[in-house]
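Subject: Handing over the model

Hi,

Here is the structure I promised to pass on to you. Please have it open while you read the rest of this message.

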Amino acid sequence: PRHSTPQLHFPDATARLPFPATMKSATAVLLLVTLAAFVAGGPTCDPSWKRDLRKALKTYADPACYSYVYKIDAFSLVSAEGPYIVTVTNRAVSGVVRQATNSAVEVDGFYTVPELAAKVQSDCLAGCPKVAPFRCIPTFDEAGVLATFVFDGDEMIADDEYTISVEGFFAYECPAN
């Protein structure tokens, strides 16, 4: 598989450019053609993963303290140096350790479980309805925790795809202050 860097900037899906009146019919035709391509099996802004995400969010118990192993397959330093053990305390990432060396790293760029769910939603819907991602495949475990997330924003652009894996989710009672 190719390695790539996760996209960190999400375009404003609500931004709209005004179109001249003569462009409206061409835009409508383009929208219908695009919709037909989506129905025919292409990328879509309304995929089945939304149902899975809603079910996962209902299932997830939202413990205050937990840890998990985070892996990302992408063209990035984070990918090359991982996997990482992420610790969440009081629903905020409180520590990240590189598993291979047991050395601490900055917590920026790592996620709580609800933040991972939000990342799935924002990455998969960024650009919709104008442009849908080429591939957006999240899976969740029976506890509602993201298990894998395969993303490719555009089939024709190299290095925009990544896969996130979450393993070994372990909830525990938070330490006393």
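Below is what I found in it, from the overall fold down to single residues.

Please keep in mind that this is a predicted model.

**Overall layout**

The protein has 4 helices and 7 strands, and along the sequence they come in the pattern α-α-β-α-β-β-β-α-β-β-β. Of the 177 residues, 32% are buried.

**The α2/α4 pair**

Helix α2 (residues 49–59) packs against helix α4 (residues 113–125) at an angle of about 165 degrees, and their axes are 11 Å apart. Angles over 145 degrees count as roughly antiparallel, so α2 is roughly antiparallel to α4. The crossing of α2 past α4 is left-handed. On the α2 side the contact is made by Trp49, Lys50, Leu53 and Leu57, and α4 brings Ala117, Val120, Gln121, Cys124 and Leu125. Sorted by class, this contact has 7 nonpolar, 1 polar and 1 charged residues.

In soluble globular proteins, nonpolar side chains tend to be buried together. Here the largest nonpolar core has 30 residues, and those with the most contacts inside it are Tyr68, Tyr70, Val86, Phe149 and Ile164. At least two core residues come from each of α2, β1 (66–73), β2 (84–89), β3 (92–98), α4, β5 (135–140), β6 (146–152) and β7 (161–171). Helix α4 gives the largest share, 5 residues.

What does Ile164 touch, not counting residues up to four places away in sequence? Its partners are Tyr70, Lys71, Ile72, Lys119, Leu146, Ala147, Thr148 and Phe149. Ser165 has a relative accessible area of 16%; buried means under 20%, so Ser165 counts as buried. Leaving aside neighbours within four places in sequence, Ser165 is in contact with Val69, Tyr70, Lys71, Ala147 and Thr148.

**Loop residues**

- Thr112 lies in the loop between β4 (103–105) and α4. Its relative accessible area is 4%, so Thr112 is buried. Beyond residues up to four places away in sequence, Thr112 touches Tyr66, Val88, Arg91, Ala92 and Val93.
- Met156 lies in the loop between β6 and β7. Its relative accessibility is 71%, so Met156 counts as exposed. From C-alpha to C-alpha, Met156 is 9.1 Å from Phe134, although the two are 22 residues apart in sequence.

**Backbone points to check**

Most residues other than glycine have a negative phi, and most peptide bonds are trans.

- The peptide bond from Gly82 to Pro83 is cis, with omega near 5 degrees. Pro83 is in the loop between α3 (77–81) and β2.
- Asp62, in the loop between α2 and β1, has a positive phi near 55 degrees. With a relative accessible area of 28%, Asp62 is partly exposed.
- Asn102 also is not a glycine and has a positive phi of about 55 degrees. Asn102 lies in the loop between β3 and β4 and is exposed, with a relative accessible area of 63%.

Happy browsing, and best wishes

Notes: Residues numbered from 1 in each chain as written. Predicted model: local features only at pLDDT ≥ 70, side-chain atom pairs only at ≥ 80, totals over all residues. Heavy atoms only, no water. Axes fitted to C-alpha atoms, helices over the stretch in contact; angles between N-to-C directions. Parallel < 35°, antiparallel > 145°, perpendicular 65-115°, else oblique. Left-handed = near helix turned anticlockwise from the far one by under 90°. Contact = heavy atoms within 4.5 Å. Nonpolar A, V, L, I, M, F, W, Y, C, P; charged D, E, K, R; others polar. Core = buried A, V, L, I, M, F, W, Y, C linked by side-chain atoms within 4.5 Å. Buried < 20%, exposed > 50% of the residue type's maximum accessible area, 1.4 Å probe, protein only.
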